Amino acid sequence: MRVNTASTVKTVNQEGTVVKSLSPEQELRRTVMACLLWEDSFYEDGQTIADRITSLIKKVGFDKTAAMAIEARENMKLRHVPLLLARELAKMGAGRKMGDLLKRIIQRPDELTEFLALYWKDGKRPLAKQVKLGLARAFRKFDEYSLSKYNQDHAIKLRDVLFMVHAKPKDDAQAALWKRLVSGELMPTDTWEVALSGGADKKETFTRLIVEGKLFALATLRNLRNMIEAGVDDAVIRRGLAEMKVERVLPFRFIAAAKYAPRFEPELEQAMFRCLKDASKLSGRTALVVDTSPSMWQANISARSEMNRFEAAAALAILCREVCEDVRVYAFNERGYEVAPRRGFALRDALAKTQGNASCGGYAVDMANKAGYDRIIVLTDGEWHYSIINGRISGQDDCKVVSPKPLTGRAYMVNVATQKNGVGYGRWTAIDGWSEAIIEYIRTSEQSLERFT
């Protein structure tokens, strides 16, 4: 059999479009940075995604995968997929590096128990030495408030972890704290979860915590519907929204809250603007392109979430709109659109009105190219078709490329999904995920570019 032949195997996305073949590292990054573990997406089921992650880790190696786990936890604010990466890396050993990794990515006490649940998902086995050391070092980071808040009655408990890893307290105060954990005598935290699990009245509890300034931003946003159903006075809720600290809240949280509390949308929008007001600007002209095709809005990002990938992209668009100095906004599905560059929820609404069929992002990029820009940012799941000719999607014979090339090297294809393959490589800088860290990445990369040009 001859082996010196040209390969006829082509890499395609879920829609059958020929796309660039990725290296194992690129493919792992693409999957990880927008992954809510074991959650189904529009094109793939959660188990397929998790299986792909585990198979790719073996090809990528310890150091690069560990760095990816840290980035996913610290920059993308993901909780479960970094633990899966750590579990697979634990099988590879790597000595003290494994302990260092666990200490760094475990940032809440319940992640200690969640990691062990993952570690034993396929059957119970002894803990590796470096896993024990890493969990022990992570355990020492937590104070009484956090231990009490996450000390839940699950199959694996915090006290079980403490016994298994033989953690050594850093001082007498911590030793006393751990004794209270073991004996069930931790000081209860004054949170809505503790109060309601103890039988307290919902209306009185939420009202008291808001008035006393003890209901934090995420708890306020997540519980808006509970507060409305419990009959908490609107004036009290508005006070909570106005006074909550929003510095670390992402725009999509406000969009999710507004879906089931539309009458508080003005207050939510003002809170969202507060969280963005100190962001430094990206100078020059920016073309912002948003995918509004069916795969973006016909499936939620997780079984427990009420937000779909279009809303995640819309949240990033709102963020980009605030930090970009001069913006023109485009959308695409079976055609391209220019969208009024509104602010806040008005931009989300304007983008939503363009929702349509198919996914021909090249049309919107072509519109942006004709108008001109200094940078282009595309928010998409990467599932693009070729052009539509006479009402049908063309094949490669009918269209030379999925998308025209960007005008500048400052071209960013932001992938908000986990599909195996997608468009947006070559001259595009591929970015995966939907955290505010994306903007900081763009800003930092452009500053580096300026230094060397």
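Biologist: I see His166 in the loop between H9 and H10. Why does His166 count as exposed?

Modeller: Its relative accessibility is 57%. A residue is called buried under 20% relative accessible area, exposed over 50% and partly exposed in between, using a 1.4 Å probe and protein chains only. The areas come from the Shrake-Rupley method, with only the protein chains shown counting as cover for residues. At 57%, His166 therefore falls in the exposed class. Please keep in mind that this is a predicted model, where local features need pLDDT of at least 70 and side-chain atom pairs count only at pLDDT 80 or more, while totals for chains, interfaces and linings use all residues. Residues are numbered from 1 along each chain as its sequence is written, and side-chain values use heavy atoms, leaving out hydrogens and water.

Biologist: What makes the backbone at His166 worth a remark?

Modeller: Phi of His166 is near 55 degrees, which is a positive value in a residue other than glycine. Ala358 also has a positive phi, about 65 degrees, although it is not a glycine. You will find Ala358 in the loop between helix H20 (344-352) and H21.

Biologist: Is Ala358 buried or exposed, and how do you know?

Modeller: Ala358 has 18% relative accessibility, so it counts as buried.

Biologist: You keep using names such as H9. What makes a run of residues a helix or a strand?

Modeller: Both are DSSP runs numbered from the N terminus: helices are H or I with at least four residues, and strands are E with at least two. Strand E7 covers residues 411-415, five residues in number, so the run passes the strand test.

Biologist: Why is E7 described as largely enclosed?

Modeller: Five of the five residues of E7 are buried, so the rest of the structure largely encloses this strand. Ala411, Met413 and Asn415 cover one side, Tyr412 and Val414 the other, and all are buried. Strand E1 (residues 282-291) has seven of its 10 residues buried, so E1 is largely enclosed too.

Biologist: How do you know which strands E7 pairs with?

Modeller: Two strands pair if DSSP finds at least two bridges between them. E4 and E7 have five bridges in the parallel sense, and in E7 the bridge partner of Val378 is Met413. Four bridges join E7 to strand E8 (residues 429-432), again in parallel; here Met413 has Ala430 as its bridge partner in E8. Both counts meet the threshold, so both are pairs.

Biologist: Why are Arg137 and Asp100 called a salt bridge?

Modeller: The label needs a side-chain nitrogen of Lys or Arg within 4 Å of a carboxyl oxygen of Asp or Glu. Arg137 and Asp100 meet at 2.6 Å, N to O, so they qualify. Arg137 lies in helix H7 (residues 129-139) and Asp100 in helix H5 (residues 96-105), so the pair ties together parts that are 37 residues apart in sequence. As background, side chains of opposite charge can pair when their charged atoms come close.

Biologist: How far apart are the closest N and O atoms of Asp366 and Lys370?

Modeller: They are 3.2 Å apart, so this pair is a salt bridge as well. The two residues are four apart in helix H21 (residues 361-371), which means they are separated by about one helical turn. Asp366 is partly exposed at 30%, whereas Lys370 is exposed at 67%. The search of the whole structure finds 28 salt bridges.

Biologist: What makes Lys103, Arg140, Lys141 and Lys170 a patch?

Modeller: Patch residues have over 30% relative accessible area and no salt bridge, with like charges joined within 9 Å (for nonpolar side chains, Val, Leu, Ile, Met, Phe, Trp and Tyr, the limit is 5 Å). Lys and Arg count as positive, Asp and Glu as negative, and His and the chain ends are not counted. Each charge is placed at NZ of Lys, CZ of Arg, CG of Asp or CD of Glu. Lys170 has 53% relative accessibility, so it passes the accessibility test, and these four residues gather in a patch of positive charge on the surface.

Technical notes: Accessible areas come from the Shrake-Rupley method with a 1.4 Å probe; for residues, only the protein chains shown count as cover.
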